[in-house]
Structures are given as C-alpha cells and as structure tokens.
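Student: I have a protein model open and would like to understand the labels put on its side chains. Could you go through them with me?

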Amino acid sequence: MPSHPADMQAEHVSISPLLQRLAYPATQVPVAANEIASAFALIFEDRLSAIQMAALLTLLHSTGKDKEADVIAKCSHRMREAASQVEKSTLKQALKARGKKEGNYRGGLCDIVGTGGDSHSTFNVSTTASIIASPLLMTAKHGNRAQTSFSGSADVLNAISPVPPKISAVNASNVARVYEATNYAFLFAPNFHPGMGYANPVRRGLGLRTIFNLMGPLANPVDWALEARMVGVAYQSLGPVFADALRQGGAKKALVVCGEEDMDEISCAGKTNCWKLSEYPNPAYQGSDNADETSSDEEDTPRTLVKLETFQLHPSDFGLPTHPLTDVYGRKMPKDNATKLMSILRNELPRDDPILDFVIMNVAALLVVSGICDVDTSNMGQGDDGQVITERGPGGGRWKEGVRRARWAIENGASLKCLEEFIEVTNKLEPQQ
C-alpha cells in the first residue's frame with residue numbers, strides 16, 4: 001500500500017457538503033456524476049479521510065447512484081487518470097510491430113473481464129479465455145487477486161506449475177517490452193493503480209460490495225489502446241448500465257453479457273443476455289478512408305458512430321451443447337484451477353468437456369466482437385483449413401466461426417506458446433520497487 005512519512009502526508013479535503021446532499025436528496029441540489037468523480041480523485045491522492053471515504057461509498061450504495069452509468073464511467077475515468085501511465089507511442093509501436101490485423105480487427109488490445117459477485121464460483125473462465133484468444137488477438141488482461149471467488153485471475157496465474165509468470169514484475173514502464181515478446185500480457189491491478197492502496201483498508205472494513213467492484217472492469221490502465229472488450233456482469237439490470245458506461249468512456253467494440261442465472265459469463269447452461277456496442281460508418285464524415293485509424297480521435301466529425309444492440313445467445317448458437325452449471329463449478333483452490341487451465345492449453349481434454357465448452361464459448365464471443373471473424377477466408381497457420389464458417393447468428397455474429405478459431409488456437413498449441421512466451425519474458429523483468 002502506498003504510504004507517506006507523517007510530515008509529508010497529503011492534507012485531507014472535506015467533502016461534508018457532498019455527503020449531506022447524498023444523504024438528504026429531497027432537500028438538496030441533486031449531485032452530479034462529475035462531483036462524485038472529483039471526490040474519487042481525492043481518494044487516489046490520499047486526500048480523503050477514511051471516515052468520509054466510508055461514508056461516500058456507503059451513501060453511493062444506499063442511494064443506488066453507484067449503479068448509474070455516468071457515475072461509473074466518470075469515476076472509472078478518474079481511476080485511470082490516477083493510474084501509472086504507459087507511454088503511448090512506445091506501446092503503439094510494439095502493437096504495430098506485432099501486425100495482428102485481420103478482418104475488421106485492426107490489431108489493437110482486447111480484454112475480457114467480469115464484475116464478479118455472481119455467487120456461482122465457476123472456473124476462471126475469463127482468464128483462460130484471454131490466453132486462448134491471444135494467438136489471434138493482442139490481449140491485455142486486467143485482473144487482481146480473488147475478491148469474491150475462491151480463485152482470482154492473479155491467483156490462478158501465480159499457481160501455474162512448474163514456473164508461473166512473474167505478474168508482479170509487469171508495470172507501466174515495461175509493458176511494451178512484454179508485447180515485443182508475446183501477444184499476451186496480464187496487467188496486475190495493484191502494479192498499475194497504486195492509489196487504490198488508500199481505499200483497500202476501508203473496503204475491507206465495510207465488508208460490502210461498493211462501486212469499486214464495478215469500476216475495476218472499466219479501469220484497464222491501457223484503456224486508450226483497447227480496441228475490443230467483453231465484460232460480464234453479475235445481474236441483469238447492470239447490463240444496459242455497463243453498456244452505457246462503456247459507450248460514455250469511448251468504447252466502440254464491446255459485448256456486455258449476463259447469463260440468465262445472473263452469471264458474469266456467457267452461460268453454458270442456457271440463455272445469456274447480451275448488450276453489444278459496435279461501430280458503423282458516420283455518413284457525415286468527409287475525411288479520407290485511408291487516413292490513419294487513430295486520427296479521427298482528434299477530428300470534430302468522427303469517422304464512425306456507435307450503436308447498441310440487445311439479443312440473447314444460447315450454446316446452440318455456437319454449435320455447442322448445454323451443460324449444467326454444477327459441471328463447471330470452480331469451488332477449488334487456485335492450484336486446482338491452474339492445473340485445469342494448463343490441461344486446456346495442452347489440449348488434454350476431450351472436445352466435449354463441459355469446462356472446455358464453457359471457456360470456448362466465451363473465447364468465441366471475444367473473437368466475434370473484435371471483428372476478426374468477419375473474413376471469408378483465413379490463414380491462421382498450421383492446422384487451419386481456411387474454411388471459414390460464414391453463418392451468422394444473434395446480433396449478426398459469426399459465433400460458430402469464433403469457436404472454430406478458438407479450437408485452432410488450442411489444438412495447434414498457439415495459445416500455450418503465447419503463455420509460455422509471457423512466462424519467459426516476465427521472469428526476465430525486474431520487479432517494481
């Protein structure tokens with residue numbers, strides 16, 4: 001946790017007027033999202049007392065303002081601003097050198113993450129999916145130790161045997177170096193968000209889920225470089241909220257999912273509700289189609305606009321059978337889940353293994369959202385017959401093609417290779433002091 005010598009401790013700022021307006025809304029001027037976000041900025045600077053921080057988090061929870069899209073979006077933005085900053089030009093250069101463009105995927109970073117808190121304690125799906133997708137997509141998996149589950153993303157990676165990746169060594173100063181060696185990087189949240197150290201004791205003391213649990217999936221420290229992402233939410237009402245928060249934050253390719261059982265993954269047991277953000281050409285844009293992809297960020301008229309679609313997915317849309325959730329429970333220690341993860345990557349499981357199907361559906365969805373499946377021929381390398389499955393399902397996605405590509409990544413060893421490259425490069429890095 002960050003600390004200051006007593007004589008250098010940051011001076012606390014009182015937010016009592018804001019707290020009073022939150023506590024007594026009927027008699028006060030309504031509180032705007034940017035006011036709440038400004039209070040959060042004080043947390044990351046250690047300028048808010050523990051008592052007022054606890055009051056702020058509790059009032060946001062009790063009033064439901066921590067479930068409002070603009071509040072989540074603006075607070076997440078402040079959290080990213082306070083994060084250790086990655087040098088943009090160096091990272092962009094490393095990504096460009098990897099040259100992963102295909103279809104409508106432009107070679108940017110991708111992330112897959114869940115809010116947690118769904119009480120299902122399933123296997124580490126998003127972590128495993130991020131590794132499987134990495135031969136095809138540049139992946140920046142943002143994660144932490146377990147908060148509400150038995151085995152968090154950092155826990156399962158640390159439990160890989162015989163040599164785990166040294167995730168504690170990856171930081172803002174060397175992440176571009178990681179991408180020079182592999183398509184995969186795990187961004188361990190404490191290494192990039194030192195200001196969260198001031199909030200953690202209060203969060204533990206409160207013992208309830210706060211807005212921080214919702215900000216995490218939107219606080220990837222390389223958010224500006226994310227081209228596509230998939231976010232699982234723990235209950236249905238959060239779906240449209242997160243989709244709106246992502247849109248407000250500038251996301252153009254995103255899929256928010258919630259299994260019908262209130263699960264923050266695409267369900268292997270039945271239907272999953274989906275909220276998809278996708279970009280389409282702006283008819284008012286007059287610039288050149290051959291201009292640099294990033295140039296439109298600074299233009300008055302954006303090249304593309306973003307639309308929201310809602311639909312449902314079912315395992316059959318992926319060409320896969322259903323499995324009861326009891327078959328994919330992960331109520332095990334990180335070491336057990338790490339063993340299962342490596343068995344998947346080593347292609348040791350039968351094709352009808354329930355956890356394998358569960359993971360592959362989620363990989364396929366991320367691939368679809370990225371745009372990489374929107375080609376009519378493919379040449380992924382050894383083992384690829386180039387026979388693209390062009391069938392489109394709900395939301396216009398080529399979900400079965402996503403499954404085909406995910407299986408290729410596992411069965412030809414490409415996903416395992418990406419992880420091994422990540423393990424090798426991180427064990428050569430010096431841990432952050």
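**Rings, charges and burial**

Tutor: Gladly, and let us start with Trp399, which counts as buried at 1% relative accessibility. This is a predicted model, in which local features need pLDDT of at least 70 and side-chain atom pairs count only at pLDDT 80 or more, while totals for chains, interfaces and linings use all residues. Residues are numbered from 1 along each chain as its sequence is written, and side-chain values use heavy atoms, leaving out hydrogens and water.

Student: Why is Trp399 called buried?

Tutor: Buried means under 20% relative accessible area, exposed over 50%, and partly exposed in between, with a 1.4 Å probe and protein chains only. Trp399 has 1% relative accessibility, so Trp399 counts as buried.

Student: What makes Phe44 and Phe212 an edge-to-face pair?

Tutor: Rings of Phe, Tyr and Trp (its six-membered ring) pair if their centres lie within 6.5 Å; planes under 30 degrees apart count as stacked, over 60 as edge-to-face and the rest as tilted. A search of the whole structure finds five aromatic pairs. For Phe44 and Phe212 the centres are 6.4 Å apart and the planes stand at 70°, so the pair is edge-to-face. Phe44 lies in helix α2 and Phe212 in helix α11, so the pair ties together parts that are 168 residues apart in sequence. Helices (H or I, at least four residues) and strands (E, at least two) are DSSP runs, numbered from the N terminus.

Student: And why is the pair of Phe311 and Trp399 called tilted?

Tutor: Their ring centres are 6.1 Å apart and their planes are at 45°, so this pair is tilted. Phe311 belongs to strand β7 and Trp399 to helix α15, so parts 88 residues apart in sequence are tied together.

Student: How do you know that Asp223 and Arg80 form a salt bridge?

Tutor: A salt bridge is a side-chain nitrogen of Lys or Arg within 4 Å of a carboxyl oxygen of Asp or Glu. The N to O distance here is 3.8 Å, so the pair meets that rule. By this rule the count comes to 22 salt bridges. Asp223 lies in the loop between α11 and β4 and Arg80 in helix α4, so the pair ties together parts that are 143 residues apart in sequence.
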